[in-house]
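This briefing reviews selected features of one protein model. Please consult the sequence and the coordinates alongside the points that follow.

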Amino acid sequence: MSFRLGDILIKRGQLKPEQLHAAIRHQKEHGGKLSNILVELNFVHEEAIAKILSQLYDVPYVALAELEVDPEVVRMIPMETAIRYQVLPLHRSGTVLTTAVSDPTNVTILDEIKFRTGYHVEPVVATQSAIKEAIEKYYGTEQTLALKKVYDELTADGEYELSLAPEETEMDLAELQKSSSEAPIIRLVNLIMADAIRKGASDIHLEPFEREMRVRYRIDGVLFQVMTPPNKFRDPLISRIKIMSNLDISERRIPQDGRIKIHINDNGKRKEIDFRVSTLPTLFGEKIVLRILDKAKLPLDLTLLGFETQSLSKFEWAVKQPYGMILVTGPTGSGKTSSLYTVLNKLNTDEVNIMTAEDPVEYNFMGINQVQTKEQIGLTFAAALRAFLRQDPNIIMVGEIRDLETAEIAVKAALTGHLVLSTLHTNDAPSSIDRLLNMGIEPFLVTTSVNLICAQRLVRKICKECKQKVDTPREALVELGFPRNMVQDLVIYQGTGCAKCNDSGYKGRIGLFEVMTMSPAIQNLVLTGGRGGVIREKAREEGMITLRESGLEKIRAGVTTIEEVLRETAIY
């Protein structure tokens with residue numbers, strides 16, 4: 001069959017004779033099927049091979065990406081069997097089960113499916129990659145299978161029956177520690193953490209409720225449920241994570257914070273990942289959130305964050321100044337800390353002394369002196385800043401300006417030859433000036449200390465694997481903010497959902513930025529009593545790109561969707 005396949009491909013002009021000979025030599029040296037080798041060596045597209053197999057053996061060819069399969073039919077072949085044999089059930093009619101396979105000549109696989117399901121198997125041909133993607137779409141990945149195996153092991157009758165005592169009853173700590181160290185519990189926790197990393201999650205949530213737990217991942221800013229273990233695993237799971245993060249498993253009445261550090265092998269590269277662990281007592285037990293801190297995923301390059309060219313040039317100008325203040329504003333989860341770390345990475349050289357006060361310290365960097373604030377012992381942002389000024393710093397980062405005392409010291413530092421980076425919780429760049437003035441900072445101090453204010457948001461990026469054009473009414477685009485003369489030729493995209501993006505249509509995130517410099521005109525407005533709206537209009541006259549306009553640019557470039565920009569920005 002292999003030579004016949006090669007001859008057909010040559011006859012159709014899809015393969016050169018020398019390529020066939022090279023593939024045969026490769027097969028003799030390394031083994032494997034010739035059809036797979038031709039694809040691996042990029043001699044032939046796998047779709048061409050699938051269509052030839054379809055004709056040779058009179059078996060229909062199907063494009064799986066264009067099909068929707070009934071979940072009831074999918075469940076007729078167990079997940080383990082589908083992954084092991086790379087097959088997918090598509091349709092059931094009477095006693096016949098239509099099943100997608102990549103090799104219709106493999107009778108062993110067809111007999112195995114017939115034995116396991118009790119149905120006669122009618123094969124159809126699909127490409128190996130299409131079958132793999134469909135399996136991930138309908139069943140999940142091999143990681144999911146591993147999770148399911150451990151979960152099934154744990155939920156077997158009579159195993160790990162841990163009695164649930166009332167909240168006020170003292171638990172047997174020895175028994176609790178023993179149950180959290182049992183092999184299946186350890187494997188389940190490890191697999192949850194590994195699965196979250198593989199899927200690109202930023203957080204893992206373990207939430208106890210009255211009758212069950214809920215495990216969710218936050219991926220690209222949105223929470224997805226992954227499993228619901230019975231409540232009898234609540235205490236062993238939570239205790240295992242608390243032990244890993246060096247927390248007190250006997251203390252369940254107050255919140256606790258800890259960290260877990262793990263090493264993983266990522267495509268042959270060994271890398272370190274931190275988990276920031278937070279526990280919180282709730283009505284039915286402790287809720288745990290693990291923030292995944294993977295330094296390798298930090299952009300650490302301003303050009304990768306999503307700045308428009310004009311905004312980036314302003315930001316880079318401010319970063320190069322020897323003193324003054326740069327403020328990054330936005331709500332929680334808008335990427336402010338990542339932006340500041342990117343700036344610090346750019347500035348981190350042997351010639352400067354960089355000091356940071358953070359709550360908490362998320363990523364640690366060689367060459368940067370990072371301080372974890374602890375308000376309960378008096379180590380506040382303000383106290384840390386005062387100490388910094390006696391440590392001969394060049395660059396200071398304070399995690400957040402929350403009060404007048406911190407703001408005054410930050411302004412003083414900016415005016416006495418230091419570059420100060422910090423964050424505020426405001427909706428846009430101009431309103432940050434109002435915030436500082438409302439705190440009690442004098443207008444002349446604001447105008448002389450602040451160099452630049454950057455407001456930002458994060459929006460999800462369209463998945464490149466399932467990105468498609470969509471029809472959008474032109475008037476709707478004008479209402480969104482696009483110029484009328486642009487909308488006729490504008491192409492709008494969105495993701496349809498696939499295995500690569502967990503059927504969300506989105507993969508990854510990018511920033512929207514609004515960058516305002518403290519120009520002489522804006523300084524004059526602040527000194528004469530101008531506030532948010534007036535300052536905004538002047539900044540726009542001087543060329544400031546608003547958050548909404550930054551979002552429109554991302555839509556025009558096919559990076560994100562209208563829905564994402566509407567969710568994160570307001571029109572002015």
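Contact here means heavy atoms within 4.5 Å. The model is predicted, and the points below cover a mixed sheet, the largest nonpolar core and the surroundings of Y506.

**Sheet**
- An open sheet is built from seven strands with mixed pairing, in the order β12-β11-β13-β14-β10-β15-β18.
- From one strand to the next, the twist averages 20°.
- Helix α16 (residues 404–415) packs on the sheet and touches β10 (324–329), β13 (395–398) and β14 (419–424); the direction of α16 makes about 135° with that of β10.
- Ten bridges join β18 and strand β15 (residues 450–462) in the antiparallel sense.
- L458 stands opposite G511 in β18.

**Nonpolar core**
- The largest nonpolar core holds 41 residues, of which M325, I401, I433 and M516 touch the most other members.
- Helix α16 gives the most to this core, contributing six residues.
- Beyond its neighbours within four places in sequence, I433 is in contact with V446, I453, M516, M518, I522, V526 and I535.

**Y506**
- Y506 lies in strand β18.
- Because its relative accessible area is 11%, under the 20% limit, Y506 counts as buried.
- Setting aside neighbours within four places in sequence, the contacts of Y506 include D220, R460, C501 and E563.
- The side chains of Y506 and T561 make a polar contact (2.8 Å).
- Q494 and Y506 are twelve residues apart in sequence, and their C-alpha atoms are 8.4 Å apart.

Conventions:
Residues are numbered from 1 along each chain as its sequence is written. This is a predicted model: local features need pLDDT of at least 70, side-chain atom pairs count only at pLDDT 80 or more; totals for chains, interfaces and linings use all residues. Side-chain values use heavy atoms; hydrogens and water are left out. Two strands pair if DSSP finds at least two bridges between them. Helices (H or I, at least four residues) and strands (E, at least two) are DSSP runs, numbered from the N terminus. Axes are lines fitted to C-alpha atoms, for helices over the stretch in contact, and angles run from 0 to 180 degrees between N-to-C directions. A nonpolar core is a set of buried Ala, Val, Leu, Ile, Met, Phe, Trp, Tyr and Cys residues joined through side-chain atoms within 4.5 Å. Buried means under 20% relative accessible area, exposed over 50%, partly exposed in between (1.4 Å probe, protein chains only). A polar contact is a pair of N or O atoms within 3.5 Å; within protein, one must be able to donate a hydrogen and the other to accept it, and residues adjacent in sequence count only if both atoms are side-chain atoms.
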